[in-house]
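Student: I've got a structure open and I'd like to talk through a few of its side chains. Can we take them one by one?

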Amino acid sequence: MVTVFSKNNCVQCKMTKMFLKQHNVSFVEHNIDEQPEFIDHLKAAGFKATPVVKLPNGDAFSGFRPDMLKQLA
C-alpha cells in the first residue's frame, strides 16, 4: 500500500493525490496538520517537506514526482 504524508494548502500534495487517483493507485493519507504525531517520524527519516510518498517496498520520496509515481500506475 502506498502512503502519502500531506498537509493542508500543499499544492504538490494535491497534485500527488490527484495523480494517484487518476491512475487508480490505492493509497492511505496521513495529514500532518491533523495528525502531528507523524511529523517527528518524517523528520527522523530526513524529510523536510511534503508530500512524502512511501512505497510498498519501503522506499520513500518527497515532492511531486511524476517520474516516480508512474512506476505505480
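Student: Is M15 buried, exposed or partly exposed?

Tutor: Keep in mind that this is a predicted model. M15 sits in helix α1, which covers residues 11-22. Its relative accessible area is 32%. Buried needs under 20% and exposed needs over 50%, so M15 comes out as partly exposed.

Student: Which residues form a nonpolar patch on the surface, and what accessible area do they have together?

Tutor: M15 belongs to that patch, along with V11 and M18. Taken together, the accessible area of V11, M15 and M18 is about 280 Å².

Student: How many salt bridges does a search of the whole structure find?

Tutor: Here's the idea: side chains of opposite charge can pair when their charged atoms come close. Searching the whole structure for such salt bridges gives a total of 2.

Student: Which residue does K17 form a salt bridge with?

Tutor: Look for the partner in strand β2 (residues 27-31), while K17 itself is in helix α1. The pair links distant parts of the chain, 12 residues apart. The closest N and O atoms are 2.9 Å apart, and the partner is E29.

Student: Is K17 buried or exposed?

Tutor: The relative accessibility of K17 is 18%. The cut-off for buried is under 20%, so K17 counts as buried.

Student: What is the distance between the closest N and O atoms of D67 and R65?

Tutor: D67 counts as partly exposed at 44% relative accessibility, and R65 also counts as partly exposed, at 30%. The two form a salt bridge, and their closest N and O atoms lie apart by 2.8 Å.

Key
Residues are numbered from 1 along each chain as its sequence is written. This is a predicted model: local features need pLDDT of at least 70, side-chain atom pairs count only at pLDDT 80 or more; totals for chains, interfaces and linings use all residues. Side-chain values use heavy atoms; hydrogens and water are left out. Patches are made of residues with over 30% relative accessible area and no salt bridge: like charges are joined within 9 Å, nonpolar side chains (Val, Leu, Ile, Met, Phe, Trp, Tyr) within 5 Å. Accessible areas come from the Shrake-Rupley method with a 1.4 Å probe; for residues, only the protein chains shown count as cover. A salt bridge is a side-chain nitrogen of Lys or Arg within 4 Å of a carboxyl oxygen of Asp or Glu. Helices (H or I, at least four residues) and strands (E, at least two) are DSSP runs, numbered from the N terminus. Buried means under 20% relative accessible area, exposed over 50%, partly exposed in between (1.4 Å probe, protein chains only).
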